Amino acid sequence: MPATTRLSVNGHSHEVAAAPDTPLLYVLRNDLALNGPKYGCGLGECGACTVLIDDVAARSCIIPLSACEGRHVVTLEGLGTRAHPDIVQAAFIKEQAAQCGYCLNGMIMTVKALLMRNAHPTDADIRETLRYNLCRCGAHVEILRAARRAAGLDVESDDVRA
Amino acid sequence: MSVPEPLKGSLSIVRVAPSGADETFIAIHADGRIVAYNGHVDLGTGIATALRQIVAEELDVVPQRIDLVLGDTARTPDQGPTIASETIQVTAIPLRTAAAQARHVLLMRAAARLDTPVAELVVDDGLIRGRDNHSVSFGELVAGDTVRLPLDEDAPVKAVENYRIVGRPLPRVDIPAKATGEAVYVHDVRVPGMLHGRVVRPPYAGLDAGDFVGTSLIAVDETSVAHIPGLVAVVRIGDFVGVVTDREENAIKAMDALKVTWKPTPRLPDLDDLAHALTANPSTPRKLIDKGDVDAAVAGAATRTRRTYVWPYQLHGSIGPSCAVADVRADGARVWSGTQNPHWMRADIAKLLGLPEAAIDLIRLEAAGCYGRNCADDVTADAALLSRAVGRPVRVQLTREQEHVWEPKGAAQLIDVCGALDAEGNIAAYDFATRYPSNAAPTLALLLTGTIPSQATTMQMGDRTAVPPYDYANMRVVVHDMAPIMRASWLRGVSALPNTFAHESFIDEMAAEAGVDPVEYRLRYLKDPRAAALVKAVAKRAAWTPRPVRLPREPDGDIVRGRGFAYAVYVHGTFPGRAAAWSAWVADVAVNVATGDVAVTHVTVGQDSGLVINPDGVRHQIHGNVVQSTSRVLKEEVAFEPATVASREWGGYPILTFPDVPAIDVVIVPRPDQPPLGVGESASVPSAAAIANAVFDATGVRFRELPLTPERVRAGLAAARRPEPAKARKRGWFAGLAAFGVALGGLVLAALPWRGAIAPIARPDPSVYAAETIARGGELAAIGACAVCHTREGGAVNAGGRALNTPFGTVYATNITPDVETGIGAWSYPAFARAMREGIHRDGRHLYPAFPYTHFAKATDADLQALYAYLMAQPAVTQANPQTALTFPFNLRPLMAGWNTLFHRSTATFTPDPAKSETWNRGAYLVESLGHCGACHTPRNALGAEKASARLAGGEAEGWEAPPLTALSHAPIPWSENELYAYLRTGESRVHGVAAGPMAPVVAELARVPDRDIRAMAVYLASLNPQALSASGEAALAAKLEAVTATRVIDASPTGSRIYDAACAVCHQVGGPPLFGARPSLALNTNLHSAAPDNLIQVILHGIPKPAITDLGYMPGFAGSFSDAQVAELVHYLRAQFAPDKPAWSDVAAVVGRLRAAPRP
C-alpha cells in the first residue's frame, strides 16, 4: 500500500493512498468519485481536466498528487449544485452553453478562475482566457455568452471580430 | 407508515421487430410515468430535448414529465446508427405517431370514464378534464391492465397550428447535470469491483486492411510489467494486447512499460501527395447521372475549364478520448458504451465473445461529441475482451494519442471538374468526378483478434451531394468508389463537404469568368424554389452587394478583406438519397497577405429545415457547424509520416480556438408547414467554398486544396520562400574516451594502483556528535546534493542503487547510509575522508570519478567531519545495490590510479583569496568543493577529467547540457547575483527560466541550505559574469526581448509553430492566462540561446516531472506524443522565434533521436 497523501478537495480533507506521482485527475475521479474534471489529453493542452488549486486554474492531468499536499483543490462539484449553482454554472445553464458538454468543466472552471482574479474582464479578456480550452462541438458562441453573463457584461453585445 | 405498492398497469405502443420481439416506443404507466424510447442516441446535439418536445406535444404534457430512453439495446427499438442527421427527420416519426396514438386511446377511455364526448375533453399536462370539472389522470386510465397496442402508422397527429411545445425554445434537459459534475458520461461509470484497463496498439497505426492485421505480434514480455503494482493481467489475443490493473494510473504505467515485439509492418502510402495517392488507388467508376451530351457540349463550348480540388484526411477529434466499461460473465455481458450504433455494437460484441446477441445488454451513455464514428466502438470491444479475460468489470480509457492515431479518419477526397461556358457565359457542360476512399472501419478488436478477416471493403459513400443542386443542361457525375487508404469512417457531412467545395468553388469561378454576380449566377441554375428563397434570404440578410467583376481590394496594412457565397443541400443515405436541411453561407474573411493567415470574421448562415422543433437547438447546431467547419477549412489536416499517423495530440492537429471564432448571424427560414429536416450537418456543407470564394474575393487567388494554412496561402500568393537554416554543430563529453583504455595502461605502472583497506569499525554512536554539528553536516549534504545521486527512484534516501549512465557503462551509486553491511556504517572517519579526498573505497578499491572527489578534496576537515557526523546520524538502511560493472578496460579500477596521477594531483583544501570579500570566498569554497558545480558545468577532456583551463565553462550531465556559468554563458540576459540567488533558492529566475533536468533535484536539495550560503554562492558565481545588469536593466532587456519576439516569425517552421500554439503556448506564452505553476518565458530562456539544442529537446521529450519546488508546476513529457520529426520542427521554430539572433541549429532530428534513445536515469 503506498503512503497516503492528505489533500483538501472542495473544503473536505482526504487521505489518499496512491503513488505520489499519480496525476491529480485520477485521484479526483477514481478515489474521490468526482465527475467534473475530465480526461481530455493528459498533456495540459485542452483544459477538460481543469480544477482550481489555491484559487488558480490548474490542469489536473499533469499535476501529481504530491504537489497538492496541503493545498486547496476545488472542482466543478465544489462550485455548486444543480439546486444551488455557482454564478458561473448558472450562467452556463442559462445560456445553454454546451453541446456534448465534455469540455464544459474546463470552460466553467477557467471562467471561474478568471473572475476570481479579475471581477470585470472585457470580452477580449474572456476570449484570451479561453484560448487554451478546446471545444470540438463548436459551442463557442454560447460559451462566450455564458462567460459574459457570469462577468456581468452585456450578453447580447455582438461578438463581431475586428 | 408503510410504503404503498407501486400501481400496476400500463399502456404501451409497440412494433414487432424483425427479430420477433416487441419494440416499445411509448409506455404510460399507472404511476404516472411516461417513458419514450428511441433507438438513436444523443451525440451532444440536443435530440434528447427535441424528442421530449415532440412526445410532450402529442400527449399534451410538459416535456419535463417525459422519461426518454435512448440507445439501450435491451429496451429501445433498433433504428440503426445515429447518422445522417436522421433522428428528427426519420426516427422521430414512429415516436410521434405512437404518442399521438396513445393520446387517442387515453381520450377514448377518458370519454367513457367521464361520460364526456371526446371532442369536449381537455388534456392538461397528463390530466384529462371532462364535464362538471371531473378529471382523470393518464395513470388512472391505464391502471390495472397491461395493454400493448401495435403501432398504427396512420394514427392522426396534432396539427401544427395547435402546437404549444414544438417550435418553441426549450432548455436542454442535460446541461444542468453536466454543469455541476453529476455522473453523465460513459467515462463516469463506476461498477463495484471495477478494474482499469489500457490497450497497447500495434505499430500499423491507422491501417485496418491487409494480411499483417491481426498477425504481427511476435512476443509480449510480461516480465517488463512485473514490477507494476496492482497488475491483474496482461491480455494477448492475436494482435490485441491489453493490461488490467487495480488502479487507473497503474494501468497507464503498465501500458507504457509493457515490452511488445512486433513484426515489421508496411509503410503507409505517401500521403504528402494526396492527389496522387487517391488517383493511384484502384477504383470502380459509378455513374450517378449523365444528362444531355456532355462530351459534345464540351467540344463545342467557347471556353473550357478543368479544376482539381483536394480535401485532406481529417479527424473527428472528440475532445474526450473514447471510454467504455464491460462486465462479461460466462452467460452474458453488460456493456456501457458511448457508441452511436448500439445495436450494431451489440452484434459486434456478440461476435467477438461468441455469445448470442440476446445475452448482451448494451447500455449507451453519453460520450464526448463524435460527429460521426470515432473510437467509441473500438474501446467498447476492448473493454469486453479485457473483462472476459479477468472475469471482472473493466473500464478502458483510450489515450489521446490512441484516439488520434486509430480513430477512423474522415476520408480525403479528390474531385476533378471539367466545365465549359458557352458564348453567353452559361455553363454548357459540367463533368464531375469524385474519388472517395472507403470507410467501413470494422471494430478494431474484431480485426486484431482475427475474429473477422482483414479485407478492405469498398463502400459507396462518396456520392453525398455529388450531384450538384444546379440544373445544368449537360451534366455527368461519376463517383470512383475505392477501398480505404487509411482507416476511415463517416465524419459530419461525409463526402458532401468536399463535393460541395468543388461544386460551389467551380460555379463561383464560372460566374467570375462570365462576369456575373455569383449569387445571381447560382439563381440561374437553382430551380428548387425553397433553395432559391433561402439563397435570396441569406444574401439579403448579409447585405450582399452584387460583384459581377472582382474589384481589387484596398489593403489595410497587410490585411485584405473579402466576402464569399456558397449554397448546398446535404443529401445523405444510399443514392439518390434524401435531402436534409438547405443551407447557405456568406463568409467574410480577412487575409494577411504577409503572413498568409486567413481569419473568418463573420458568417451569415441561413437554413431551411422545415418545421423547427426547438429553435434554440437548431441555432446551436448551426453555430456548432459553422465553428467546426471553419476549423476544418482553415486548420485541419491529418499529418502522416512514412510509418505512422503523425497527428497524435492537438499540437499535431490544431483546431479553431476562441479568439478565432467568427461572429455568426443565423437566418432560419420559417417553414412550420413542412416536415422537420435534419439539422446536424447541413450548415457545415457550404463552408469550404464560401471561405475559399471569400479569399478569392480578397486576394484574387483561388485555393482548391485545403486547409487554408498560412503557408499554403503564402505559397498561393507567391510569397517569398523561407531560406534553409544554416548548419553548425558540436558534440559532447566523454565521447573521446575510447582511447582511454590503451593509453592508460602505461600510466598505471607509474601510479599507486593498489591501496590498502582501512579496517572496519563498529557503527559510530551518533550521540557523540553535537546536534549543531549534525545540523551543519546536513546543510553540507544538501550543498553537495548527496541524496540526488545516492537515492534511487522511489528508494530510501542515500541508500544508493541509482544508475548513472556513462559512455563506459552504468555506474551504480552506493549506499551511504550507516548500515554496516551494505552502507558506510563500518567506515571510520579516516576511511570516509580518504574516499572524499582521494576517491578510495574503505577496502582500498578505486572509485570512479563519477563520484566527484576532485572537488570534495577541497573541503575543510571540519566540514568533512560534520558531513560524516550527519551521515552517521541518519537511519541505517540495509540495501545491497548492483555492482558497477563497466566494460573492459574501464572495469579495471586500478587504472583510476593513473587517472588520479594525471588529473587529481592536488588534494589540498580550498585556499581563500585575500583580495576578495569573505562572502565571495565562502561562495567560491562551496561552489568549488562540496557543491562540486564543475562536475557538470566544466567541460571534460578526452579522459573524462574536468578541463582545468575551462572551469565552469559549460559541460554535460545525464544527457543535458550544463550551461556555462562564466562569461561564456549563452543567456540573453547576463546572470546577476540576485537572479542566481533566486534561481538557487526557488528554482526559478524570472529572467532566465526554471531549473529542469538534473538541476531540479539539486535546487530541491538546496532548500535545506541557509540563505547566507545561497547568497554566497550567488556572489561568487556572479563574479564570473562581469556583464551583469542592474535589476531595472534586466527588466528592460527582458521586456525588449519579449517584445521583439512577440511577432510571429513568418518563415519559421509552420508545423513547429502550430505545435507551439496548441501544445506549448498554454503555459509559455507571455501574458497568457495564469495557470498553476511558473510561466517560463522562452525568449529569455538560456536553453533556447545555447549552442546546442540538447536541453530544449530533453525538456520537450521528458518534461519536468519533479520541479525544484511544487509551486513551479509540472511540465509533461511529449516523448509519447510527438515524433522525432515533430520535435525537430518544434525546436527549429522555437529557436527562430525566441532566439532570432542565434543561428539555426543543425542535425536537430539526429539529436532528438539520440536523446530519445538514451537510457534515462
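Visitor: How many helices and strands does the secondary structure of chain B come to?
Guide: Chain B has 35 helices and 36 strands; helices (H or I, at least four residues) and strands (E, at least two) are DSSP runs, numbered from the N terminus. This is a predicted model, in which local features need pLDDT of at least 70 and side-chain atom pairs count only at pLDDT 80 or more, while totals for chains, interfaces and linings use all residues. Residues are numbered from 1 along each chain as its sequence is written, and chains are lettered from A and ligands numbered from 1 in the order in which they are written.

Visitor: What does the C-alpha trace of chain B span along its principal axes?
Guide: The span is about 115 × 85 × 55 Å. Of the 1161 residues in chain B, 55% are buried (20 or more other C-beta atoms within 10 Å of the residue's own, C-beta atoms being placed from the backbone).

Visitor: Which helix does α21 of chain B pack against?
Guide: Helix α21(B), residues 829-838, packs with helix α23(B), residues 861-872, at an angle of about 115° and with the axes 10 Å apart. Axes are lines fitted to C-alpha atoms, for helices over the stretch in contact, and angles run from 0 to 180 degrees between N-to-C directions.

Visitor: And which residues meet there?
Guide: B:Y829, B:F832, B:A833 and B:M836 of α21(B) meet B:L864, B:Q865 and B:Y868 of α23(B). By class, this contact has 6 nonpolar, 1 polar and no charged residues. Ala, Val, Leu, Ile, Met, Phe, Trp, Tyr, Cys and Pro count as nonpolar, Asp, Glu, Lys and Arg as charged, and the others, Gly among them, as polar.

Visitor: Turning to chain A, what is the strand order in its open sheet of 5 strands?
Guide: The order is β2-β1-β5-β3-β4, with mixed pairing; two strands pair if DSSP finds at least two bridges between them. The edge strands, β2 (12-17) and β4 of chain A, each pair on one side only.

Visitor: How many bridges join β1 to β2 in chain A?
Guide: Strand β1(A), residues 4-9, is joined to β2(A) by 6 bridges, and the two run antiparallel. A:R6 stands opposite A:E15 in β2(A). Helix α4(A) packs on the sheet, touching β3 (50-53) and β4 of chain A.

Visitor: Lastly, how many residues of chain A are in contact with chain B?
Guide: 70 residues of chain A are in contact with 67 residues of chain B, where contact requires C-beta atoms, placed from the backbone, within 7 Å. The largest share of that side of chain A, 5 residues, comes from α4(A). The residues on that side divide into 38 nonpolar, 18 polar and 14 charged.

Terms used:
Two residues are in contact if their C-beta atoms, placed from the backbone, lie within 7 Å. A residue is buried if 20 or more other C-beta atoms lie within 10 Å of its own, exposed if 12 or fewer, and partly exposed in between; C-beta atoms are placed from the backbone.
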